[in-house]
Amino acid sequence: MEESEETTSEAAPSFEGEPIKILVVDDEVDLEALVRQKFRRRIRRNELVFDFAHNGQEAIDKLDEDDDISMVISDINMPVMDGLALLKQLNETKPNIRSVIVSAYGDMNNIRTAMNRGAFDFVTKPIDFTDLEITIDKTLKHLALVREALSNRDQLVALSHELDVARDMQLSVLPRSFPSTDHYKTHGLMIPAKEVGGDFYDFFTLDEDRIGVAIGDVSGKGIPAALFMMACRTLLRSRALEGGTPDECLRYVNDLLSEDNENCMFVTLFYGVLDTRSGAFQYCNGGHNPPRVVHKGGEVVPLPTTHDMALGVLPGHSFNSDTLQLQADDALFLYTDGVTEAEGPGSEEFGEGRLDSLLAEIDQADCKDVTSAVLEQVREFAGENPQSDDITCVVLRYHGI
């Protein structure tokens with residue numbers, strides 16, 4: 001065997017700071033000394049650790065005992081179990097180990113068989129140790145890339161699981177039933193996008209004559225948005241059930257959300273209270289899309305804004321309330337921008353015009369049918385375009401007394 005002076009080579013990739021273990025399988029007794037001499041500096045630097053076996057069966061035994069071996073360098077012609085049989089077994093039982101075969105120069109039949117059985121590369125006899133070192137480094141770099149890819153895959157799987165948990169958490173806080181009496185009906189739906197967002201809606205039965213309705217959209221995506229959404233909903237519900245007016249409720253939520261808001265998140269939030277005895281609807285709009293008032297007969301108009309900002313931005317902001325008088329069979333349609341900003345072909349948005357036209361056509365439909373029709377129209381408009389935001393809408397219809 002030919003031994004060359006140790007060359008300066010890039011350090012082999014380190015797997016999580018640990019030295020890389022290589023198993024050399026050859027029945028020639030002098031090979032161990034030659035390898036240790038050749039790679040002595042890298043062994044001293046704790047970059048590489050070599051172990052040795054004299055046949056394929058001995059190699060299998062060592063691999064079973066040591067799960068940290070990353071690479072096998074094996075001769076073909078050996079007693080007990082040859083290199084080709086070893087390769088076949090490695091390919092079946094330890095596919096994450098990379099193998100380099102050592103073969104006589106010109107022995108292409110065995111080399112071809114070795115490559116077919118999973119060998120990553122080969123070197124020829126007599127061994128050129130400079131070529132062997134290059135082959136080792138190339139093999140280990142490839143193995144490092146494979147391990148990085150597997151790690152990225154595992155991280156994506158874990159992230160996907162976290163997003164599933166967040167999506168379930170997001171959906172779990174939504175109403176499971178919709179309040180209704182002879183005086184009013186309600187319905188709502190939210191279709192999450194592929195990523196978890198921060199949309200929510202809620203109904204609050206304040207007393208036998210008053211029903212509260214809320215809808216919100218948190219900035220950002222993912223788990224932080226879902227957690228911010230839950231905090232917003234909890235704060236709003238607690239203040240609403242204490243009897244606060246819409247402007248008082250939003251001021252309370254805003255002040256608490258603004259404290260220690262290091263991520264600068266915010267939420268657009270609409271909250272209103274319907275007096276079912278009189279049809280008076282008192283509301284406050286914190287930077288949210290203007291709900292639609294659908295009058296009997298098909299007239300659709302935006303609910304006048306209260307000129308308030310999103311919550312979580314400016315502590316101490318004084319919010320405003322306004323009141324709308326609903327007539328029998330009027331309806332309120334609340335939605336998030338996942339409806340109007342849904343994109344169709346050519347990046348055209350669904351828009352408020354299409355929404356208003358649809359609501360005018362179905363002005364007296366059942367509340368559930370209204371939300372279903374809007375969802376169907378948005379999906380039909382988007383076609384093959386993926387949903388990029390949560391689609392959320394709520395209907396509150398006043399029937400009078």
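In the second largest pocket of this predicted model, α11 gives the largest share of the lining, three residues. Helices here are DSSP runs (H or I, at least four residues), strands are E runs of at least two, and both are numbered from the N terminus. Residue numbers start from 1 along each chain as its sequence is written. As the model is predicted, local features need pLDDT of at least 70 and side-chain atom pairs pLDDT 80 or more, while totals for linings use all residues.

What else lines that pocket? Its lining has 15 residues, with Ala342, Ala382, Pro386, Gln387 and Ser388 nearest the centre. Both α9 (337-340) and α11 (367-382) supply at least two residues.

Now for the cavities: there are two of 30 Å³ or more. On a 1 Å grid over the protein atoms alone, a cavity is a set of points where a 1.4 Å probe fits but cannot get out; a pocket is an open set with protein on both sides within 12 Å along at least five of seven lines; lining residues have an atom within 4 Å of a point. Points are joined across faces, edges and corners, and a volume is the space filled by probe spheres set on them.

| Space | Volume |
|---|---|
| Second largest pocket | about 220 Å³ |
| Largest cavity | about 70 Å³ |
| Second largest cavity | about 50 Å³ |

β3 provides the largest share of the largest cavity's lining, three residues. Among the residues lining this cavity are Val24, Phe50 and Ile73.

For the second largest cavity, β14 (331-335) and β15 (391-398) each supply at least two lining residues, and β14 gives the largest share, three residues. Leu332, Phe333 and Arg397 are among the residues lining the second largest cavity.

Notes. Side-chain values use heavy atoms; hydrogens and water are left out.
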